Amino acid sequence: MYLQFKLVTRLFLCALAINLAACGGSSDSEAAQQGLSEQTAQPFLPGERLQLDAFSSSYTGVSYPLRVYLPQNRVANKRYPVIYVLDAEWRFDTIADSLDDNKMAVILVGIENYVDEGYKHREAYSQWPLAQDYFDFIRKELAVELEARYPVDKSDRTVMGHSYTGLFVGLALLMDDPQQPFFHRHVSFDGSFWAHTDTTSQLIDDRRGQSSTLKSRTILVGANGKVGNVLYVREFDAQLTRANFAQLDTTYLEYKQEHIPVVAYSVDEVLKALYRD
């Protein structure tokens, strides 16, 4: 009788196990994996655009209105590439729209200009030697505060400018620390390299004398319409090529466009080239 009872019990337990398996009995890890596989990927959402308080600089003696674009799909503890775009009162929305359209998770910091008659302050601080003070304002004052507030990847900073501030971008490339550069990518839209050709050439030679390595992905855009700086942008590109810097990844793009609209016309291609693998 006892043996018969054991046999019946075993048969019952085996049948129970088979039924549980048939009903979907599984481990916690299998259930979790199934739940993850059923989750749909979060769609890309347009970034949020914020107007910040103006920032006063001790280097340049003026205050700059600021704007920030933040990816909506931010992930906890993740840090994001950052673009510092100059002339933000004119260029911020153009760049932000392109980031949205191309589904790029990038932080955008927009630095507007101190407005005086004829934007003389912008013109002066985009050229040598006052460009040094403007450069120090960005990296030693502004970035210190903003990058403590927002999840910026400090190993992936871009500076972007047009016309006079496009000239500044070229100068920032040459002014930066050869060993530990602050900016890692540079974008100059139809830069005003005609402003001081001899000085710029000397700065390239001086930088080459400091180090033959220049770590940057640099994109130079030339506008060859009726109004544009294309001849001077070409020459700046040629000077960088002749200097033969190691680790300088330069892309030259030229468009049949006028000086002002070339930014909006080229920005999608520029951003794709900037962040290509």
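**Arginine 185 and the sheet around it**

Arginine 185 sits in strand 6 (strands, E, at least two residues, and helices, H or I, at least four, are DSSP runs numbered from the N terminus). This is a predicted model, so local features need pLDDT of at least 70 and side-chain atom pairs count only at pLDDT 80 or more, while totals for chains, interfaces and linings use all residues. Residues are numbered from 1 along each chain as its sequence is written, and side-chain values use heavy atoms, with hydrogens and water left out.

Is arginine 185 buried or exposed? It counts as buried because its relative accessibility is 16% (buried means under 20% relative accessible area, exposed over 50%, and partly exposed in between, with a 1.4 Å probe and protein chains only). Leaving aside neighbours within four places in sequence, arginine 185 is in contact with Asp156, Arg157, Thr158, Val159, Ser216, Arg217, Leu274 and Tyr275 (contact means heavy atoms within 4.5 Å). With aspartate 156, arginine 185 also forms a salt bridge, the closest N and O atoms being 2.7 Å apart (a salt bridge is a side-chain nitrogen of Lys or Arg within 4 Å of a carboxyl oxygen of Asp or Glu). That pair links distant parts of the chain, with arginine 185 in strand 6 and aspartate 156 in strand 5, 29 residues apart. Aspartate 156 is buried too, at a relative accessible area of 11%.

Threonine 158, one of the contacts of arginine 185, lies in strand 5. With a relative accessible area of 0%, threonine 158 is buried. Not counting residues up to four places away in sequence, threonine 158 touches Val82, Ile83, Tyr84, Phe183, Arg185, Val187, Leu274 and Tyr275.

At the strand 1 end of the order, strand 1 and strand 2 run antiparallel and are joined by seven bridges. Serine 56 has serine 63 in strand 2 as its bridge partner. The hairpin of these strands has six residues between them, and glycine 61 takes a positive phi near 80 degrees there. Threonine 60 is found in the loop between strand 1 and strand 2 and counts as buried at 7% relative accessibility. Not counting residues up to four places away in sequence, threonine 60 touches His121, Tyr125, Asp133, Tyr134 and Phe137. Strand 2 (residues 63-70) is also joined to strand 4 (residues 107-111), by four bridges, and these two run antiparallel. Leucine 66 has isoleucine 111 in strand 4 as its bridge partner.

How many salt bridges does a search of the whole structure find? The search finds 16. In one of them, the side chains of glutamate 48 and arginine 74 meet at 3.2 Å, N to O. Glutamate 48 is in strand 1 and arginine 74 in the loop between strand 2 and strand 3, 26 residues apart. Glutamate 48 counts as partly exposed at 26% relative accessibility, and arginine 74 counts as partly exposed at 37%. Aspartate 136 and arginine 139 form another salt bridge, with closest N and O atoms 3.0 Å apart. Both lie in helix 5 (residues 131-149), three residues apart, about one turn of the helix.

For the chain overall, the secondary structure comes to nine helices and eight strands. Of its 277 residues, 46% count as buried.

Methods:
Pairing = 2+ DSSP bridges.
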